[in-house]
Amino acid sequence: MKRHLTVLLALLTTLLAMQAPAHAAPPAGAAGKEPTAEQLLSPTPYMGWNTYYALGGDPTAAEIESTADFLVSSGLSDAGYKYVWIDGNWAAPTPRNSAGDLVPNPDQFPDGLKPLVDYIHAKGLKAGIYTDAGPYIPGKCGLGSHGHYQRDADQFAAWEFDAVKVDYLCGIAADLDPKTVYTEFAEALRSNAGGRPMLFNLCNPVTSPDWGNYPEEQQSTYSWSYAPAIAQSWRTYTDVGFVGEIKFKDVLRNYDANARHPEAAGPGHFNDPDYLGPELGMSDEEFRTQMTLWSVAAAPLVIGSDLRKLSKTSLATLADRDVLAINQDSAGVQAVRVGPAGTQETWVKRLANGDRAVVLLNRGDSPATLTTKASSVGLTGKRLTLKNAWTDQVTESSGTISAAVPAHGAALFRVSRAAGKPGAPHVVAGLPQVTRVGNDAVPAGTAPVVAGGDRAQVEVIVRNDSTQPVFTPRVELTVPAGWTSHPAGGTPKVLMPGRSATFTSTITLSDTATPGSPTLSATTSYAVIGKGQQRQETLTTLVVAPAPPRGDIALSHHHWISATSGWMTPTVDSSVGGWTPISLLGQTHQTGIGVASPSTIRYYLGDRCTRLTTTVGIDDAVRNVGPEGGTSTFQVVGDGKVLFDSGVLTRDATREADIDLTGVRVLALVVDDAGDGGYNDRADWAGLNATC
């Protein structure tokens with residue numbers, strides 16, 4: 001009964017978020033009276049750029065002015081990116097002068113901050129600044145405002161800043177109550193001597209277990225309960241990355257945490273999952289997914305990368321008008337998931353005019369065709385108009401919302417009820433997908449790996465989700481030079497509404513296929529009455545493996561196919577980060593790989609190896625960090641089958657493994673966080689000696 005009640009409550013929350021009008025929390029002193037859009041500092045999510053991930057701890061006036069110039073010249077300012085935000089480490093080594101005023105670092109800001117703010121304003125932009133809610137504690141934070149809230153708010157206003165980000169690094173070090181101190185700071189901002197409106201970004205990143213064990217009331221995941229009444233935005237989880245590094249797995253982690261309380265968001269007050277990270281460790285596809293998710297989440301869109309170095313592709317992703325329109329929708333509603341959580345998910349955001357923004361999210365490592373129904377996203381009727389926000393393609397569906405979605409990708413549609421003459425039919429041309437290599441089926445959800453000389457089966461699934469038939473559907477596969485492709489099986493003459501067809505081809509790689517990431521291209525064509533011949537092109541990237549190892553070898557010295565680490569990157573023959581040798585219980589190992597959980601490292605063995613020996617455990621470097629964390633699990637997986645499982649290991653235990661690799665094509669070394677988060681999980685694969 002309790003489980004059924006929980007399910008019913010979850011469904012009720014989803015329906016309310018999809019259908020009920022969104023409203024803003026009233027400002028202090030105005031209980032029961034709804035503010036107008038004109039009265040709100042940020043009626044829709046604010047947009048801009050922040051120094052932290054791109055410039056690290058030492059931003060300079062020259063760098064910031066150059067970036068402000070680029071915001072304007074690139075057109076990003078016209079797209080809505082208005083805030084230029086100076087993050088931490090702007091203050092002098094001694095942050096306050098004898099009078100108690102904050103002082104900028106003269107090496108970084110030789111003319112002070114006011115001329116820089118004036119420069120930003122002259123560009124038609126807004127300026128943001130940073131402080132901490134705690135007292136200044138050297139070594140914990142660059143500056144702190146505790147005990148000086150009103151003085152600092154007055155000073156920020158005198159410098160004519162438009163926004164203030166308030167961290168909690170020294171706040172947690174001083175064991176302060178975040179609700180109390182943030183409420184006090186918010187009052188100081190509202191009461192600043194200059195009467196200047198300043199946006200308040202409440203930034204408590206403290207999250208257990210990532211930061212250690214803290215009471216719920218001190219964590220970022222509690223901010224939603226009080227922040228909407230005092231701030232324009234509040235962080236909902238820990239940082240999405242590190243300086244110069246934002247990874248896709250952490251984007252998903254922060255998005256999921258941000259999605260816990262959609263009811264807290266509304267015009268003028270928004271959940272904040274942290275910054276956008278184009279070209280900081282994600283592929284173009286993965287960043288497009290982040291942009292999709294942040295947009296439907298009604299999240300502030302603050303770019304963390306160095307704008308001046310971004311590609312045209314990244315700039316176009318940031319400035320896409322249809323995607324930004326969904327983020328900036330005046331209803332201020334945050335998307336909710338409909339259906340179960342998993343590798344493939346559907347998220348829906350109700351828009352002010354009654355349309356729905358629908359996301360089909362593929363978290364998996366292989367492409368997939370994803371679908372949902374109109375009824376699942378709060379719409380009725382047998383005809384829907386679907387506008388793909390990324391491609392601008394407009395089609396008509398009979399009630400199914402569907403898309404071919406790449407690995408780590410997301411489709412974003414603006415969906416409305418259709419009227420009038422039938423539109424272009426919604427036909428989904430699937431992405432080419434390798435389903436077999438040789439005689440072996442590719443495990444579902446995994447990225448296929450091929451090598452020189454391999455023969456593989458490729459499938460393209462074509463769906464007709466429109467209201468009318470399409471005729472003579474065909475799929476033509478294009479492969480890299482030197483490879484061959486031959487269709488296998490027949491083709492239908494007609495594809496009726498609600499039906500699908502699978503087109504199969506056999507490809508053969510050349511014996512000398514170059515290792516890397518070549519592209520398979522499928523051209524799908526079909527005829528539509530009254531609209532003639534239609535064509536769609538879909539692409540998939542393959543992994544062509546390097547040559548397998550030979551002889552007795554330290555596997556850490558062989559080229560891997562792919563490698564991930566919870567933070568930083570896997571480090572060969574050293575603890576993760578490369579600062580110390582691999583050391584387990586006082587014993588140093590000359591070879592191996594150091595990682596942080598979670599981590600997966602894949603090698604191509606090509607059925608050439610027979611044995612792997614290794615010692616696994618938590619590196620002794622964790623003892624230099626503290627007593628918290630440092631627990632992991634280790635698995636060796638061959639072609640989807642677990643060959644070794646260490647169980648949970650702490651810093652005080654290791655496990656030796658001697659593994660039979662006979663018949664294994666693709667080997668995966670997997671480390672997980674043992675269910676308690678990745679804090680201080682510095683895991684080692686020591687030795688890693690393979691016989692091949």
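Why does Glu 396 count as buried? Its relative accessibility is 4%, so Glu 396 falls in that class. Keep in mind that what we have here is a predicted model.

Glu 396 forms a salt bridge with Arg 383, at 2.7 Å from N to O. The two sit in distant parts of the chain, 13 residues apart: Glu 396 belongs to strand S18 (residues 394–397), and Arg 383 to the loop between S16 and strand S17 (384–388). Arg 383 has 26% relative accessibility and therefore counts as partly exposed.

Next, Glu 345 and Arg 363. Their side chains form a salt bridge of 2.9 Å, N to O. Because Glu 345 is in strand S14 (residues 344–350) and Arg 363 is in the loop between strand S15 (356–362) and strand S16 (368–373), this pair ties together parts 18 residues apart in sequence. Glu 345, at 4% relative accessibility, counts as buried. Arg 363 counts as buried too, at 19%; the cut-off for buried is under 20%.

Arg 235 lies in strand S8 (residues 233–235) and Asp 274 in the loop between strand S11 (270–272) and helix H10 (284–296), so parts 39 residues apart in sequence are tied together. Both residues are buried. The whole structure has 25 salt bridges.

Now the nonpolar side. The largest nonpolar core holds 98 residues, and Tyr 81, Trp 90, Phe 200 and Met 291 touch the most other members. Helix H8 (residues 178–190) gives this core its largest share, six residues. Beyond its sequence neighbours within four places, Phe 200 contacts residues including Val 164, Tyr 182, Phe 185 and Ile 230.

Terms used
Residues numbered from 1 in each chain as written. Predicted model: local features only at pLDDT ≥ 70, side-chain atom pairs only at ≥ 80, totals over all residues. Heavy atoms only, no water. Core = buried A, V, L, I, M, F, W, Y, C linked by side-chain atoms within 4.5 Å. Buried < 20%, exposed > 50% of the residue type's maximum accessible area, 1.4 Å probe, protein only. Helix = DSSP H or I, 4+ residues; strand = E, 2+ residues; numbered from the N terminus. Contact = heavy atoms within 4.5 Å. Salt bridge = Lys/Arg side-chain N within 4 Å of Asp/Glu carboxyl O.
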